[in-house]
Amino acid sequence: MPRRTPSSLNRSSTTPRHRQARWGVSVAAFAVLAIVGTACSPVESSSDEAGGDQTTSTQDVFGEPADAAQVKAGGTLTVALSADPDKLDPTLSRSLYSRYVFHTMCEKLYDLGPDAKIVPQLATALPTISADGLSLTIPLREGVKFADGGTLDSTAVKVSINRGLTLAGSGRKSELGPITSIETPDPKTVVIKLSKPFAPLTAALADRAGMVLSPAAVDKLGANFSTAPVCVGPFKFASRVAQNSIKVVKDPLYYDAAKVHLDAIEYRIITDSSIRSANLRSGDAQVADSLSTQDAPELQKDSNMTVLQSQSLGYQGLTINIGNANGIGTPTKQLDTPIAKDPRVRQALEASIDREALVKSLFNGLNSVACSPISPKSEFTSDAAQVCPAHDPAKAKELLTQAGVTTPYKVEMITSNNPDSLRLAQALQAMVKEGGFELVIKPVEYASLLDQQDRGDFELLQLGWSGRVDPDANIFNFVGSEGSQNVAGYNSPDVDKLLTDARQSTDQAQRIQLYGQVVTKLQQDDPLIYMYRQRNLTGVSKTVLGVQTYPDGVIRTAFAGLAK
Amino acid sequence: MRRYLLGRLWQSLVTLLLATIVVFLGVRALPGDPALALAGEDRDPESLRAIREQYGLDDSLLVQFWQFVSHAARGDLGVSIRTGESVTSMLGGALPVTLELSFLAIVVASLLGVGAGVVAAVRRGRPAEWAANALALLGLSVPNFWLGLMAILYLSVALGLFPASGFVPFFTNPVDNLHHLVLPSLILGTGLAAVIMRQTRSSMLDALSADYIRTAEAKGLPPRAVIGRHALRNSLIVVVTIVGLQLGALISGAVVTERIFALPGFGKMTVDAVFQRDYPVIQAVVLVTATAYIVINLLVDLLYSVIDPRIRVRGEA
């Protein structure tokens, strides 16, 4: 599955509908008992859960590194993944799930720490940036071997970055920015030259763009690198059964092999969230990603489980089609509907959404309110970036009157046709009614949704973004007039200037201030109404130690081990 | 005979070509394309263009179709756009899983269905029949997905009897392989078991009221022999026909079962490919399925002509 994410919801355990469902489940469970004819003990009583929601913890739990004395050597860890990763080629890969696998077998120049700060991985220090911002010098770790026995040096880094810049279909090209050349003054130093300053580059090198591929494997396999990927990592690729499982095994050549406890990790694709949880509880998997906010509280109460959680750096929101008349990639053209023409109508829509209520009632309070593309956990947050327009249906109606729109004003929203997205859409429908809107829900299948979105065939669209460390990657492409995913067709020279300045500035304080100004401007124009931020919920069995998640959403299993 | 054979072969080829065209156009009529599904969140026009170019998606339909047919004729079904793997090797891995699962489901369904059907017929009007009927009703009406989930919750999570997911190839470890397939084949078999049970019951009732049964009873044969050797044997002909007819339904049921138990089968592969608009995989899957159907039909027709000479004669006329 791609990373642009439809909303994922939970069900509140206190609604009458849910009680009905429980009754249904009880009756059905009885029927199954009759079928199997076995005296099964009930899995878990669910009647006492209602109170649990209030006590659900929303603190970040990233997990601890494994204590070598408490884990045994060897064993296979099974991770239940919610979606099949795409190509296992760091240059071509585009899905979040491939990053789960890559972190075990393809290390990067830089990594992310649990505090979302960038730390060296295959590099030995953060890059030295020249005064004009046009040159980055990266010192490399020495004595590092690829899984095929080759030595990692500056030439290998050059080959990998060049591949990201030039390979047909590369997903890294835009992340790498305006690179003009890569120099290798000696085997342990890489110098990247830019045509203009590009602050997000270091963050990009802490993701797939910074993974170093074995030049021998690249030579041998070319564009088919994904069939037998070779990089530097605690594990190396072993096998893949498409759409079903991926296996990596311990790499004895890894420079820090003594820290690796497991023999192998198997990623098993299980798309349904309840079945993923069930696999975790049956012991068939020891780690499960993307728990639903409904399953998480129950697992939190289970003494054999830990639920890791971190707030996503992305968001879920509503995009309004302002000027995407002829499809993305064509010049924007102002649409002739009140919601496209008049920012007051969009502000009215925003004022009629009660984000607090949405988060509490639909997500057990596990997700958090979002009013801007900048997460409060980001290094780039500021007071201006966290301002939140209040829920005020009366003001919404007033704004609609000022805009000369007759109420109820009918707007059509396309959304993904999975049950969770539909529930969110229905909640929104009920909410905005009070503000004078009549929301018509048009559910479409995910690939069709992307198609309609790019063609500009929508009025309102519900979709989210999984988030990146650098705010540029969370804003520029979506609301910059030249942004590759500016599906709103938004065109504001002011915002463009602020974003470009922020992109080219190497002064963090200045960038923070500029992004604050971007948020203020976005809240006036409302091309995208930010609603909430998801929590990355990962279930981990206590039979395994050392599994961690970081704010980038990637589950770290490489240095985990089975408990003694 | 040769003329008949050639005629049937020609018809089969035309059918296959038509099926190929329908699927080829059908998948391309779906909104969205593989480039969009592949790029997902991270898409910029340039990479979309590059992906489309790389996989020839920007060529005319005629060129794309010719590429597909000419490669397929040489046995090359292309590579998956999503994973970059060879479609032929994906099929080679997935087909045996689904075939084994379907075979085991038929075994489960036949044992359960025939057993319950015989009991229902012999114990007509008694609680045993009601119980068998109730089970059949449940088997027919409870969706596989829900049943699978409950089986995982009770038999895997609570009792730990069977694994909740995963697959081990038969030749790697036969015991482990069967252990992993117990739950999936039970779940997949329930629907078919219900159909078999209803069919067995009614043909058994017919058989039990037939004259030869009365004769057998009059000869003093024990009830077990009457039911087993005479009534059941004669009832099974219809049951076997039903099992054959239900094979298609079984394969489509396998789609759901494979998803629940994370089995690397044919059904799961097909559904995932449709969602991801992985054209080469969808085309290959349909091509293989259509070929299988056509070959089986052809063989059956040829068998008919061997068994019944009138068909052959008519074919030559």
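**Chain B and chain A in questions and answers**

Author: In this predicted model, chain B has a radius of gyration of 25 Å, whereas a compact globule of 317 residues would have one near 20 Å.

Reader: How many helices and how many strands does chain B have?

Author: Read along the sequence, the pattern of chain B is α-α-α-α-α-α-α-α-α-α-α-α-α-α. The secondary structure therefore comes to 0 strands. The number of helices is 14.

Reader: What percentage of the residues of chain B count as buried?

Author: A residue is buried if 20 or more other C-beta atoms lie within 10 Å of its own. Among contacts in chain B between residues at least 6 apart in sequence, 71% join residues at least 24 apart. Of the 317 residues of chain B, the buried share is 41%.

Reader: How many residues of helix α9 of chain B are buried?

Author: Helix α9 of chain B covers residues 211-218 and is hardly covered. After α9(B) comes G220(B), with a positive phi near 90°. Among the 8 residues of α9(B), the count of buried residues is 0.

Reader: Is V271(B) buried, exposed or partly exposed?

Author: V271(B) is placed in helix α12 of chain B, residues 266-275. A residue needs 20 or more C-beta neighbours within 10 Å to be buried and 12 or fewer to be exposed. Because V271(B) has 16 such neighbours inside 10 Å, it counts as partly exposed.

Reader: Let us turn to chain A. What is its mean pLDDT?

Author: In chain A, 90% of the residues reach a pLDDT of 70 or more. Over residues 8-56 of chain A, however, the pLDDT is below 50, although this stretch has 54 contacts in the model beyond near neighbours in sequence. The mean pLDDT of chain A is 86.

Reader: Which strands are the edge strands of the open sheet of 7 strands in chain A?

Author: The sheet has mixed pairing, and its order is β9-β10-β11-β2-β12-β20-β13. Within it, β2(A) and β12(A) run parallel and are joined by 2 bridges, with V287(A) as the bridge partner of V79(A). An edge strand pairs on one side only, and the edge strands here are β9 and β13 of chain A.

Reader: Why is strand β14 of chain A described as largely enclosed?

Author: In a regular strand the side chains alternate between the two faces of the sheet. Y315(A), G317(A) and T319(A) on one side of β14(A) are buried, as are Q316(A), L318(A) and I320(A) on the other. Strand β14(A) is largely enclosed by the rest of the structure because its buried residues number 6 of the 6.

Reader: Which strands pair with β14(A), parallel or antiparallel?

Author: Strand β18(A), residues 460-465, is joined to β14(A) by 6 bridges, and T319(A) stands opposite L461(A). Strand β19(A), residues 528-533, pairs with β14(A) over 4 bridges, and L318(A) stands opposite I529(A). The sense is antiparallel for β18(A) and antiparallel for β19(A).

Reader: Is Y315(A) buried or exposed?

Author: Y315(A) lies in β14(A). Beyond four places in sequence, its contacts are A370(A), P373(A), G464(A), W465(A), Y530(A) and R533(A). With 24 other C-beta atoms within 10 Å, Y315(A) is buried.

Reader: Which element supplies the largest share of the side of chain A that touches chain B?

Author: The contact involves 51 residues of chain A and 50 residues of chain B. The residues on the side of chain A divide into 18 nonpolar, 21 polar and 12 charged. The largest share, 6 residues, comes from α8(A).

Technical notes:
Residues are numbered from 1 along each chain as its sequence is written. Chains are lettered from A and ligands numbered from 1 in the order in which they are written. This is a predicted model: local features need pLDDT of at least 70, side-chain atom pairs count only at pLDDT 80 or more; totals for chains, interfaces and linings use all residues. Two strands pair if DSSP finds at least two bridges between them. Two residues are in contact if their C-beta atoms, placed from the backbone, lie within 7 Å. Ala, Val, Leu, Ile, Met, Phe, Trp, Tyr, Cys and Pro count as nonpolar, Asp, Glu, Lys and Arg as charged, and the others, Gly among them, as polar. pLDDT is the predictor's confidence in each residue, from 0 to 100. The radius of gyration is taken over C-alpha atoms; the globule rule is 2.2 Å times the number of residues to the power 0.38.
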